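Colleague: Hi! Could you walk me through this one slowly, as I'm new to reading structures?

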Amino acid sequence: MDDLTGRVAVITGGASGMGRAFANRFAQAGMRVVVADVEEPALDQAVAELQSAGAEALGVVCDVADHSAVVELGDRTEEAFGPPQVLCLNAGIGVSGPLAEASMADWKWVIDVNLWGVIHGLDVFLSGLIGRDEGHVIFTASVAGHYSFPHLGPYAATKYGVVAIAETLHAELRAEGSKVGVTCLSPGLVSTNIFSSERNRPEVLTDPSGEPRPEEELAMREAFLEWVQANALQPAEVAEMIHRAVLDGTFWVFTDDEHRSAISERHAAIREREEPPPYAPLLDI
Ligand SMILES: NC(=O)c1ccc[n+]([C@@H]2O[C@H](COP(=O)([O-])OP(=O)(O)OC[C@H]3O[C@@H](n4cnc5c(N)ncnc54)[C@H](O)[C@@H]3O)[C@@H](O)[C@H]2O)c1
């Protein structure tokens, strides 16, 4: 897309972290932004800040796991601003732990939000974008959609799925000569609130038999969070990359090269029909 002024962006998971930074960046570019999120107080705050900075912004409380809520998001967007041109399928949550300890509730929650949320977004918005033959879809995947890090099995399963959907859509649109662009964003570590995703876990998907985590694990988590806060990329830096990708029509956006060699080694092992290489940890601390 060449000019974003006056165009409409819909951002799921737009009340925090990267989604919030996308909303700010697209608003700075003169877009009207629809911020969709399940966390109402954060959503209200994000929209109030956008509006006080002079942006035209609409907040819609929306659980992307609920198809009817995403249909309503489409209707509210049309009513307020007309059809969107930029669609950021970004809402996501993280669960971690070894596969042997993953509960059915963990699996269901992460698939509902990270995978069904993306599918619902496509169902509601994609045919309009294709029909108008303009626009851009940004999928927020992860480096965990390209490489299987230990203790991220259910999360990675959803992100591999998102990468597959993004690649497929890109191939289909290019084959049809469509002007709709696609970006697959695969962030490494970014300093956001993803590491406290539990704040948004529905009560029905809380595991009643969940044991309190051992002291040692909690200490490691603290060290990890400190590292992320001090060293990880800021969401605004990722938003710059996404703004540029929409203008340039870039498909792959990786936010850093930290896991590039691990991903390449995985590809090489597949090519050579070898066993997967030993794990590279997400973070070496
Ligand atoms: N932060 C990282 O290091 C990192 C790395 C790779 C990928 N990601 C991906 O980036 C995306 C954005 O996450 P973030 O890191 O900005 O985290 P974040 O927690 O700061 O933001 C995620 C937003 O999604 C919202 N959300 C959660 N469940 C929802 C639901 N059911 N319906 C609608 N909204 C919902 C949250 O309320 C929050 O506002 C996610 O898809 C995540 O998997 C993050």
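Predicted model: local features only at pLDDT ≥ 70, side-chain atom pairs only at ≥ 80, totals over all residues.

Colleague: Thanks! How many helices and strands does the protein have?
Modeller: The protein has 8 helices and 7 strands. Helices (H or I, at least four residues) and strands (E, at least two) are DSSP runs, numbered from the N terminus.

Colleague: And what radius of gyration does the protein have?
Modeller: The protein has 19 Å, which agrees with the value near 19 Å for a compact globule of 285 residues. That radius is taken over C-alpha atoms, and the globule rule is 2.2 Å times the number of residues to the power 0.38. The C-alpha atoms fill a box of roughly 50 × 45 × 35 Å along the principal axes.

Colleague: On to the sheet: what is the order of its strands?
Modeller: The order is E3-E2-E1-E4-E5-E6-E7 in an open sheet of 7 strands, with parallel pairing. Two strands pair if DSSP finds at least two bridges between them. Strand E3 (57-61) and strand E7 (252-254) are the edge strands, each pairing on one side only. From one strand to the next, the twist averages 15°. Angles run from 0 to 180 degrees between N-to-C directions, with axes being lines fitted to C-alpha atoms, for helices over the stretch in contact.

Colleague: What holds paired strands together in general?
Modeller: Strands of a sheet pair through backbone hydrogen bonds, either parallel or antiparallel.

Colleague: How many bridges join E2 to E3?
Modeller: There are 5 bridges joining E2 to E3, which run parallel, and Val34 has Leu58 as its bridge partner in E3. E1 and E2 also pair in the parallel sense, over 5 bridges. There, Val10 has Val34 as its bridge partner in E2.

Colleague: Is E2 mostly covered or uncovered?
Modeller: E2 is mostly covered, with 6 of its 6 residues buried. Buried means that 20 or more other C-beta atoms, placed from the backbone, lie within 10 Å of a residue's own; exposed means 12 or fewer, and partly exposed is in between. Arg32, Val34 and Ala36 are buried on one side, and Val33, Val35 and Asp37 on the other.

Colleague: Why is E3 largely enclosed by the rest of the structure?
Modeller: Because 4 of the 5 residues of E3 are buried.

Colleague: Let's pick a residue. Where does Ala46 lie?
Modeller: Ala46 lies in helix H2 (residues 40-52). Ala46 is buried, with 24 other C-beta atoms within 10 Å. Leaving aside neighbours within four places in sequence, Ala46 is in contact with Gly14, Ala15, Arg20, Ala23 and Val35. Contact means C-beta atoms, placed from the backbone, within 7 Å. Ala46 and Gly14 are 32 residues apart in sequence but 8.0 Å apart in space, C-alpha to C-alpha.

Colleague: Last topic: which residues come nearest to the ligand?
Modeller: Of the 30 residues around the ligand, Gly13, Ser16, Gly17, Gly92 and Thr192 come nearest. A residue counts as near a molecule or strand if its C-beta atom, placed from the backbone, lies within 6 Å of it.

Colleague: And which helix gives the most to that shell?
Modeller: Helix H1 (residues 17-28) does, with 3 residues.

Technical notes
Residues numbered from 1 in each chain as written. Contact = placed C-beta atoms within 7 Å.
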